[in-house]
Amino acid sequence: MKAVTIREAGGPEVLEWTEVEDPTPGAGEVVVDVVASALNRADVMQRMGLYPVPEGASPYPGLEVSGRVSALGAGVSGWRVGDEVCALLTGGGYAQKVAVPAGQLLPIPAGIGLAEAAVLPEAVATVWSNIGMTARLREGETLLVHGGVGGVGSMAVQIAKALNARVVTTVGSPEKAARARELGADLTVNHRTRDFTEYGPYDVILDVVGGQYLERNIRSLATDGRLVVIGLQNGLEGNLNLAELVFRRLSVHGTTLRTRSTTEKAAIVAASREHVWPMIENGSVRLVIDRTLPMAEAAEAHRLLEAGQHVGKILLVNEE
């Protein structure tokens, strides 16, 4: 088979579409013939040498796919060869085949195309595990999403609205503000010209920025507010006033999906299927796909992602 390999840490040019060995399913795993994968910021970090591959995981980038089951490992039940699925991965999605634990498979939601479904697993699992399971966002609360039109942000805005929360999001342009409002955001804040702290307090903040925003995030939380940091795009360190945490009963969570155990991922996937799949099937949560490129053009897809002009996900499709 072919896969996108990383020749060395560096820019998009280090990605190469090349022949590699086919995967074989271990116990409890299936092999999926990949129809499509989707880009995530973690793929860029891995390419740059800033996101080490967990032990035992595929070295190829790609944290989600859609496709058809082509082989079953020992002990797998509930899935058959030929089933159309999408899957949350620990790596290996930029390829023609990938082995994945059966607990990380999801059926294709009704009404969604097979290739398009590749944009769902990572974004849905990230959002639900953080605002649904960790922060426990409730009806009537206010959520602030930093970067509300990216792959995760666009999903967070829609899921929060489906939960009947009020949603505020930061954006970088009037065009992105308009798209965020189309997705259901109640208020958009252009982070280039306005300070999001002026529009709080927020019950929950979902943050992909990191250290640069830490102090302002804490300051703008409501009493009993919850900050969930899932990205470190602009800084690893920030100031934290512990008195604010103590006297306003605030909580700060740092999470990532990739390094969780297979058991934890299976639980998140099951919860995502239970709570979010119905939202997708009834139309309250829509897929947001910026553009589609061939898998062999992963380097160009990375350039587009890093340029930051996209809305939603960039999809990679196997054409061979």
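## The parallel sheet

Val228 has His253, in strand E13, as its bridge partner. Strand E13 (251–254) runs parallel to strand E12 (residues 221–229), and 4 bridges join the two. Two strands count as paired if DSSP finds at least two bridges between them; strands (E, at least two residues) and helices (H or I, at least four) are DSSP runs numbered from the N terminus. The model is predicted: local features need pLDDT of at least 70 and side-chain atom pairs pLDDT 80 or more, while totals for chains, interfaces and linings use all residues. Residues are numbered from 1 along each chain as its sequence is written, and side-chain values use heavy atoms, leaving out hydrogens and water.

E12 and E13 belong to an open sheet of 6 strands with parallel pairing, in the order E10-E9-E8-E11-E12-E13. Strand E10 (187–190) and strand E13 stand at the edges with a single partner strand each, so one side of each has no neighbour in the sheet. On average, neighbouring strands are turned by 15° against each other, direction ignored. Helix H3 packs on this sheet and touches strand E8 (142–146), strand E9 (166–171) and strand E11 (202–207); contact means heavy atoms within 4.5 Å. The direction of H3 makes about 170° with that of E8 (axes are lines fitted to C-alpha atoms, for helices over the stretch in contact, and angles run from 0 to 180 degrees between N-to-C directions).

## The cavity

A search of the whole structure finds 1 cavity of 30 Å³ or more. On a 1 Å grid over the protein atoms alone, a cavity is a set of points where a 1.4 Å probe fits but cannot get out, and lining residues have an atom within 4 Å of a point. The largest cavity holds about 50 Å³ of space, a volume being the space filled by probe spheres set on the points, which are joined across faces, edges and corners.

Helix H3 (residues 151–162) gives the largest share of the lining of the largest cavity, 4 residues. Among the lining residues are Val119, Ala123, Arg286 and Lys313.

## Met48

Met48 lies in the loop between helix H1 (41–47) and strand E4 (64–72). Met48 counts as partly exposed because its relative accessibility is 38%; buried means under 20% relative accessible area, exposed over 50%, and partly exposed in between (1.4 Å probe, protein chains only). Leaving aside residues up to four places away in sequence, Met48 touches Ala9, Gly10 and Glu306.

Key:
1 Å grid on protein atoms, 1.4 Å probe; cavity = no way out; pocket = protein on both sides within 12 Å on 5 of 7 lines; lining within 4 Å.
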